[in-house]
Amino acid sequence: MNIAILSRNKDLYSTRRLVEAAEKRGHTVRVIDTLRCYMTIASQRPTIHYKGEKLSNIGAVIPRIGASITFFGTAVVRQFEMMSVYCLNESVAISRSRDKLRSLQLLSRRGIGLPVTGFAHSTRFTNDLIHQVGGAPLVVKLLEGTQGIGVVLAENQQAAESIIEAFRGLKAQILVQEFIKEAKGADLRCLVVGDKVVASMKRQGGEGEFRSNIHRGGSASSIRLTPEERSTAVRSAKIMGLNVAGVDILRSNHGPVVMEVNSSPGLEGIEKSTGKDVAEAIVVFIEKKAQPGKNRTRGKG
Ligand code: ADP
């Protein structure tokens, strides 16, 4: 099969591993720089061009769309869908997962465990919003943050009020969230492919840090999930409409709670800490599922 990986950088660990796994299984792989694609949107004949060439004969697309290029990246994926090319994760599902609030709303509707979360536009009722999520300590999050940037712990009511005011003063959109203290600065990253968790790791934040992000100095180790955690991860990916997802879970007193569902999960941390071949699992999944016109929305989103 001809597989195209949409990625800004062919030297990234995840991109390299996907190329390697696909070639090992006999496929022809190309890495396409998402931002160098351009499209013509003409009635009935959607096309994608890349560095002067019209792309054709692609059997499957693996989108690796970074958060900073979501708008253009999902437009490229949508165009492939309209050309009936199978896309591992669909454009609508990627857009959905990039909006933390929208994701939490969709997950809550289906009964997935979540930290109690508040969201408001006006600052007039900040006190009540804080009260609604159980009071301080609580976590304030920038809606558009990634890698733990813009995730702040407010230890008491006063700190909570001033952090919320500061973010609001900057016109930032924020979530206010119950602080899951008992997670002790650790979270679980569950790598879902289709209806299975193919690898899982525990990330532990550095000393005195409640955020477990590796980018913030956290460390990773392999972990065995409980059946409840496993099914929460798989269900969350499904609700978001993602075939491949990195589902982040905290262990709370009231069971597993989902933080986030990531549509382009990095492979380096999870492969290195678990020894699992996640790239191969992704390629095997594509072999089973990739057929022209098989995407659910077919570019309709
Ligand atoms: P990002 O998308 O920027 O990584 P997250 O919402 O995943 O932001 O938060 C980063 C980290 O902070 C999480 O992995 C988790 O370790 C910690 N964290 C986030 N929200 C909470 C919370 N409500 N309670 C406890 N820890 C949290």
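Three strands, β9 (138-142), β11 (174-178) and β16 (255-262), each supply at least two residues of the shell around the ligand. Helices and strands are DSSP runs numbered from the N terminus, with at least four residues of H or I for a helix and at least two of E for a strand. The model is predicted: local features need pLDDT of at least 70 and side-chain atom pairs count only at pLDDT 80 or more, while totals for chains, interfaces and linings use all residues. Residues are numbered from 1 along each chain as its sequence is written, and side-chain values use heavy atoms, with hydrogens and water left out.

The ligand is surrounded by 20 residues, of which the closest are Lys141, Gly148, Glu178, Asn213 and Glu260; a residue is near a molecule if one of its heavy atoms lies within 4 Å of it. By class, this shell has seven nonpolar, seven polar and six charged residues. Ala, Val, Leu, Ile, Met, Phe, Trp, Tyr, Cys and Pro count here as nonpolar, Asp, Glu, Lys and Arg as charged, and the others, Gly among them, as polar.

For lysine 141, an N or O atom of the side chain is 2.7 Å from an oxygen atom of the ligand. The corresponding separation is 2.9 Å for serine 212 and 3.1 Å for lysine 100. Taken alone, the ligand exposes 540 Å², and the protein buries 97% of that. Accessible areas come from the Shrake-Rupley method with a 1.4 Å probe, and for residues only the protein chains shown count as cover.

The domain assignment, automatic or from a database, gives domain 1 (2-96), domain 2 (97-113 + 182-288) and domain 3 (117-179). Domains 2 and 3 both give residues to the shell, so the ligand lies between them. The centres of domain 1 and domain 3, taken over C-alpha atoms, are separated by 36 Å.

Beyond the end of β16, serine 263 occupies the loop between that strand and α8 (268-274). Serine 263 has a relative accessible area of 3% and is therefore buried, a term for values under 20%, with exposed meaning over 50% and partly exposed in between (1.4 Å probe, protein chains only). The side chain of serine 263 makes a polar contact of 3.4 Å with that of arginine 98. Apart from neighbours within four places in sequence, serine 263 is in contact (heavy atoms within 4.5 Å) with Asn89, Ile94, Ser97, Arg98, Leu242 and Val244.

Six of its eight residues are buried, so α3 is largely enclosed by the rest of the structure. The buried residues are Ser91, Val92, Ala93, Ile94, Arg96 and Ser97. Their cover includes β6 (60-63), α2, α4 (100-109), α7 (227-240) and β16.

Helix α8 itself contains lysine 272, which counts as exposed because its relative accessibility is 57%. The side chain of lysine 272 is joined to that of glutamate 268 by a polar contact of 2.7 Å. Leaving aside neighbours within four places in sequence, lysine 272 is in contact with Tyr13 and Leu267. Although lysine 272 and serine 221 are 51 residues apart along the chain, 8.9 Å separate their C-alpha atoms.

Lysine 51 lies in the loop between β4 (47-50) and β5 (53-54) and has a positive phi of about 45 degrees although it is not a glycine; at 56% relative accessible area, lysine 51 is exposed. Serine 84, in the loop between α2 (70-82) and β7 (86-87), likewise has a positive phi, near 65 degrees, but at 33% relative accessibility serine 84 is partly exposed.

Aspartate 33 sits in the loop between β2 (28-32) and β3 (37-40). With a relative accessible area of 11%, aspartate 33 is buried. Its contacts, neighbours within four places in sequence left aside, are Ser7, Arg8 and Tyr50.

Key:
Polar contact = N/O pair within 3.5 Å; in protein donor to acceptor, adjacent residues only side chain to side chain.
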